[in-house]
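Colleague: I would like to go through this model and ask what stands behind the terms used for it.

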Amino acid sequence: MQIKKPSRDSVTNAARRTQIVRAAAETIAELGYDKATFATITERAGLSSPRMISYHFAGKQDLIRQIVEDVYLAGAAFILERVKAQATAAGRLRAYLEANLEFLRDHPVELAAVTEIGPHLRDQAGEPYSATGYQEPSVQGLVMVLEEGQRGGEFGDFDARSMAVMMRAAIDAAAPRLRGEHPFDFDAYRSTVVDTFVHAVQQAEQRDAVER
């Protein structure tokens, strides 16, 4: 069977979309959502006309949804690779926490853009997204890791969802600190968050063993 190669036009269009999304994220991060018009994005992207953006995106909502989707997919891929490399539930939990925090640290432009976009983002029905809605897939993923550790005897008896929500809150709390004006020791925060939660779930297992 002959494999059909992507056409030059499809490759060019994909590259143009990527260029526009990157320029839009940089513009929103620097100027804010309201000032990031198609005109300012066009200038930053080095395009000849805002019509080139309109050709690829139905409107500003379509464009900012693509920014958020790209950031979340990139983050998920980065985190999953780190998590899958671990052989134990404790190792996977540690990798998950570390990778989440490191992704926030290493992508300041994307982080600033997504934070600025948040209050303005709407779904296909025009309804606003909620912060808890954004977090839910991550919370569910954490619950799976925690319950796996409980089933395997690595972690103790605790409410996995409650623990996952607390972990997400600790991760998300780093975002404004990374962009804030006050000193923030990222390495110390990462170590503290990881050690605190890994110790907590393992201590729960030790308490259960003593009680038995």
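Colleague: How do the residues that line the largest pocket divide by class?

Modeller: The model is predicted. The lining of its largest pocket divides into 22 nonpolar, 10 polar and 6 charged residues.

Colleague: What makes a residue such as Y72 part of that lining?

Modeller: A lining residue has an atom within 4 Å of a point of the pocket. The lining has 38 residues, and Y72, Y134, S138, R168 and D172 are the closest to the pocket's centre. The space in this pocket is about 1,200 Å³.

Colleague: Which elements give two or more residues to the lining?

Modeller: They are α4 (60–84), α5 (89–106), α6 (108–117), α7 (131–151) and α8 (160–179). The largest share, 11 residues, comes from α4.

Colleague: Why is α5 called roughly parallel to α8?

Modeller: Angles under 35 degrees count as roughly parallel. The angle between α5 and α8 is about 20°, so α5 is roughly parallel to α8. Their axes lie 9 Å apart.

Colleague: In which hand does α5 pass α8, left-handed or right-handed?

Modeller: The crossing of α5 with α8 is right-handed.

Colleague: How do you know which residues make the contact between α5 and α8?

Modeller: Contact means heavy atoms within 4.5 Å. On the α5 side the contact is made by L93, Y96, L97, N100, L101, L104 and R105. On the α8 side it is made by M167, R168, I171, A174, A175 and L178.

Colleague: What classes do these contact residues of α5 and α8 belong to?

Modeller: The contact of α5 with α8 has 10 nonpolar, 1 polar and 2 charged residues. Asp, Glu, Lys and Arg count as charged, so R105 of α5 and R168 of α8 are charged residues of this contact.

Definitions and conventions: Residues are numbered from 1 along each chain as its sequence is written. This is a predicted model: local features need pLDDT of at least 70, side-chain atom pairs count only at pLDDT 80 or more; totals for chains, interfaces and linings use all residues. Side-chain values use heavy atoms; hydrogens and water are left out. On a 1 Å grid over the protein atoms alone, a cavity is a set of points where a 1.4 Å probe fits but cannot get out, and a pocket is an open set with protein on both sides within 12 Å along at least five of seven lines; lining residues have an atom within 4 Å of a point. Grid points are joined across faces, edges and corners, and a volume is the space filled by probe spheres set on the points. Helices (H or I, at least four residues) and strands (E, at least two) are DSSP runs, numbered from the N terminus. Axes are lines fitted to C-alpha atoms, for helices over the stretch in contact, and angles run from 0 to 180 degrees between N-to-C directions. Angles under 35 degrees count as roughly parallel, over 145 as roughly antiparallel, 65 to 115 as roughly perpendicular and the rest as oblique. A crossing is left-handed if the near helix is turned anticlockwise from the far one by less than a right angle, and right-handed if clockwise.
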